[in-house]
Amino acid sequence: METLGELRERRAYECRLTFDRALDSLDEAEAFLRDRGLLTRTPDSALPSLYEACHEEAYKPGSGGFGGWPRTKWPWFGELAERGSTVVAVHRGKNLLVSNEVAALLDPICRSEIERMRAEDPDWRRLLDHLASAGPSNLEDLLVELGLKPKELKLLRSPLERCGAIVARSLEVTAGEQIHPEPGSGLDHRGAFRELLLAGVRSAVVAPEAELNRWFSWRWYWEDALVDELVRAGRLRRLHGHVTPAD
């Protein structure tokens with residue numbers, strides 16, 4: 001059984017945290033996403049980061065925001081989406097690249113969030129029902145078809161994207177259920193949330209237990225005893241304030 005130090009060494013290798021493991025091509029980046037299952041854009045947690053794995057000088061060293069992105073490899077995040085990977089804003093509002101396998105876990109959660117948010121607000125319901133009927137829609141078309149101003153549409157989109165009820169694709173948005181036209185995992189939304197959390201831990205190799213409840217937007221699915229239950233079930237292992245997959 002690996003020690004915490006050994007797990008950290010394996011994490012450094014598998015999450016490409018050292019310069020000798022830097023991503024050299026878009027094909028390598030795509031393979032990295034398939035291997036890890038989910039990637040943040042920039043490092044902000046134990047979840048692996050695409051830009052961190054590039055190990056490239058920043059576009060504007062010392063500056064914040066976009067200037068801190070890799071000088072030449074920054075388009076890779078969007079280019080992986082163009083190759084068919086899914087980008088969702090369910091990492092507490094930040095974009096997350098996910099593989100097809102992880103997208104299937106997101107599917108029942110997104111479907112549940114559509115129904116929850118339809119019931120909570122008539123304006124959300126109007127936008128969601130329109131997308132369900134029209135399919136993927138250009139932002140300019142939505143402004144005309146729904147009679148909204150750009151700021152009004154942005155205010156409607158933001159909480160829906162954050163919860164996965166809608167998914168943005170460049171200048172288009174679609175209902176969250178349309179990223180997987182057929183239910184993908186056979187789980188209900190709470191079962192899918194647990195499997196998604198486990199997928200995140202597998203992706204990270206080892207992660208501080210205290211940050212798990214901050215990975216995803218759906219804080220209302222979190223249960224204080226969740227990690228205890230996953231440990232008892234033999235799905236997670238605890239060690240020195242961290243968790244790692246037990247299998």
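Contact here means heavy atoms within 4.5 Å. The model is predicted.

In this model, helix α5 (residues 100-120) and helix α9 (residues 189-204) meet through Val102, Leu105, Leu106, Pro108, Ile109 and Ser112 of α5 and His189, Ala192, Phe193, Glu195, Leu196 and Ala199 of α9. Nine of the residues in this contact are nonpolar, two are polar and one is charged. The two axes come within 8 Å and cross at roughly 145°, and the crossing is left-handed.

Strand β2 (residues 86-91) has six of its six residues buried. Strand β3 (residues 94-98) pairs with β2 in the antiparallel sense over four bridges, and Leu97 in β3 is the bridge partner of Val87. Two residues lie between the strands of this hairpin, where Arg92 takes a positive phi near 55°.

The count of salt bridges comes to 19. Three of them are tabulated here.

| Asp27 | Arg83 | 2.7 Å |

Arg83 is partly exposed, at a relative accessible area of 39%. Arg71 is partly exposed as well, at 38%.

Asp107 and Arg111 are four residues apart in α5, separated by about one helical turn. Asp107 is buried at 1% relative accessibility, while Arg111 is partly exposed at 22%.

Salt bridges also link Glu2, Arg10, Glu14, Asp35 and Arg36 in a network.

Note on methods. Residues are numbered from 1 along each chain as its sequence is written. This is a predicted model: local features need pLDDT of at least 70, side-chain atom pairs count only at pLDDT 80 or more; totals for chains, interfaces and linings use all residues. Side-chain values use heavy atoms; hydrogens and water are left out. Buried means under 20% relative accessible area, exposed over 50%, partly exposed in between (1.4 Å probe, protein chains only). Two strands pair if DSSP finds at least two bridges between them. Axes are lines fitted to C-alpha atoms, for helices over the stretch in contact, and angles run from 0 to 180 degrees between N-to-C directions. A crossing is left-handed if the near helix is turned anticlockwise from the far one by less than a right angle, and right-handed if clockwise. Ala, Val, Leu, Ile, Met, Phe, Trp, Tyr, Cys and Pro count as nonpolar, Asp, Glu, Lys and Arg as charged, and the others, Gly among them, as polar. A salt bridge is a side-chain nitrogen of Lys or Arg within 4 Å of a carboxyl oxygen of Asp or Glu.
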